[in-house]
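Here is a short briefing for a reader meeting this structure for the first time.

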Amino acid sequence: MDQVSGQDPNVLIVGTGLAGVGMAIKLLEAGEKNFVILEKADGVGGVWRENTYPGCGCDIMSMMYSYSFAPNTDWTRMYAPQPEILDYIRRVVKDYELEPYIRFQSEAVSYEFDDTSDRWVVRTADGDEYRPRAVVAAHGALHVPNIPEFKGRDTFKGPVFHSAQWDHSVDLTGKRVAVIGTGSSGVQLVPQIADAAAHVEVFQRTPHWVLPKLDRPVSTVEQRLFKAFPGAMKIYRNAAFWLHEAPVAGYFHPRLNTLLKWMSLHQLKKQVPDPELRAKLTPSYTFGCKRILFSSDFYPALQRPDVSLVTEGVEEFTEAGIRTADGELHEADVVVLGTGFATGNRCADEHIIGRDGLSIQQAWRDGMQAYYGMTVAGFPNFFMIMGPNSGGGAQSILFLIESQVRYIVQCLRMMEDRGSTRLEVRDEVQREFNTWLHGKLDKSVWVSGGCHSWFLDHTGRNRQSWPGTGTSYWRATREPKAEAFELSGAGQR
Ligand code: N01
């Protein structure tokens, strides 16, 4: 094993989720060994380590849920369950011998750019200090649970926990469980807990568009085929890739998604015969405005006599349960919050100080913005993976991560080739880019489709999505344009 970096690495990566791990692999392949990865927990995996709720899995097809350079021939299902994805990440970390670069239980709590040395000073919760030339923030877009301030929340006598912080010490057998939220997490967990619980009440604020999940086991014949003929796996992967690209045009021209909308309504009609319940589950906003859900077992779960849907708003928590706006008390033993993640300004609580003392909060006072979701004016040598407006469509996040990782490696190489110690996106370039981006997004169903979702911030702007297909993002980020950046060395200024 080569010598592993100390406190002054060339690159410091934060997070060992799919983004951080992919970044580390591509650095190694580019010949860069002087880097460290900080990980706040004691294991790798990011959201796939943290989310362990019953039924947790991926709603992107498993064939597209691996790095292109590290295909996984062992998926057991067309949509991989969480434990398999976590195993995959662990295996990749092992195969690429990344462990020596990772500092576990090292939570980065402060990032400050030193204008004199063109290095970042990164401090951890334990008081360690690193001085990397460049930082790659790969801590993900969906890692801060959204815990609403429900009135009287602390008065409830039973356990209350978020889907991303599942409390496995709580046995749901024979319990009355209240689940708040019917997004991707809620629809996955409700069918799974229904068997054990005495009763599940599902609190829905807004119905979602739900498409059937075409899940099935991957047969052993297919697995053998993938192992023997990698080309066969590529055919599956290509099919999955284009399936995920397909709905994107419909986000800008909703009529193109008429067939998908019909499929969603058809499933609803087939699985929910009661017209009253069906009406409650039928969205009134444009298809695709909120992230489309994939589930074939959520509606059937709602048919069970021991599962019920509550559509009255949550008014308050009491000692015994949840009181809704109509005054009814829904008694419960356990409350599960499937209420999503804080996404409006995901760095709101982070201490990130860029050039000339600029904080990320000041830079983003009018909303999160970046250049292709990776660089932010005022923050030299600071790269984000899955930063503002670089995800949120329908394509596998792995495809977008690979595009970003390649781009960042190229930026670092550009610095090296030019003898620069500082790379910063030009303010006017970022501004023009965001004017173009929001011009397109404002016409999309995400903004004009009549719903509220985690894609939008408090100003109503979409701060998450790339306004196009994965392919268009890949094309746009194939090579960084030197003229978009200010590149300088300490001696060049
Ligand atoms: O969160 P969500 P999620 N009172 O924001 C409701 C990824 N993911 O964790 O729609 C009452 O979608 C809220 O209601 P409304 C994926 O990208 C991926 O489910 O705002 N209800 C909604 O129903 C996904 O999009 C996988 O009216 C409240 C729910 O809580 C993202 O994570 C699996 C409320 C939140 O839904 C987030 O999904 C799981 C309140 N105060 C997650 N506040 C994969 O398979 C919120 N809600 C890859």
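This is a predicted model: local features need pLDDT of at least 70, side-chain atom pairs count only at pLDDT 80 or more; totals for chains, interfaces and linings use all residues.

**Helix H3**

- The buried residues of H3 are Gln82, Glu84, Ile85, Leu86, Tyr88, Ile89, Val92 and Val93.
- Among the elements that cover these buried residues of H3 are helix H1 (18-29), helix H2 (47-50) and strand E3 (102-103).
- After H3 comes glutamate 97, which has a positive phi, near 50°.

**Helix H8**

- Helix H8 takes in residues 258-271, and its 14 residues, counted at 1.5 Å a residue, should span 20 Å, in agreement with the 20 Å between its end C-alpha atoms.
- Which residues of H8 are buried? They are Ser264, Gln267, Leu268 and Gln271, and because they cover an arc of only 100° around the axis, they lie on the same side of H8.
- An α-helix has 3.6 residues a turn, so residues three or four places apart point the same way.
- The other side of H8 carries the exposed residues Leu259, Trp262, Lys269 and Lys270.
- The partners against which the buried residues of H8 pack are strand E11 (210-211), helix H9 (275-281) and helix H10 (298-302).

**Cavities**

- When the whole structure is searched, 4 cavities of 30 Å³ or more are found.
- The largest cavity, with a volume of about 60 Å³, has a lining made up of Val248, Gly391, Gly393, Ala394, Gln395, Leu400, Trp466, Gly468, Thr469 and Gly470.
- How many residues in the lining of the largest cavity are nonpolar, polar and charged? In this lining 4 residues are nonpolar, 6 are polar and none is charged.
- The second largest cavity holds about 40 Å³ of space, and the residues that line it are Thr182, Val187, Gln204, Pro207, His208, Val210, Leu281, Leu293, Phe298 and Tyr299.
- For the second largest cavity, the lining consists of 7 nonpolar and 3 polar residues, with no charged residues.

Terms used
Residues are numbered from 1 along each chain as its sequence is written. Side-chain values use heavy atoms; hydrogens and water are left out. Helices (H or I, at least four residues) and strands (E, at least two) are DSSP runs, numbered from the N terminus. The expected span of a helix is 1.5 Å times one less than its number of residues. Buried means under 20% relative accessible area, exposed over 50%, partly exposed in between (1.4 Å probe, protein chains only). The arc is that of the directions from the helix axis to the C-beta atoms. Contact means heavy atoms within 4.5 Å. On a 1 Å grid over the protein atoms alone, a cavity is a set of points where a 1.4 Å probe fits but cannot get out, and a pocket is an open set with protein on both sides within 12 Å along at least five of seven lines; lining residues have an atom within 4 Å of a point. Grid points are joined across faces, edges and corners, and a volume is the space filled by probe spheres set on the points. Ala, Val, Leu, Ile, Met, Phe, Trp, Tyr, Cys and Pro count as nonpolar, Asp, Glu, Lys and Arg as charged, and the others, Gly among them, as polar.
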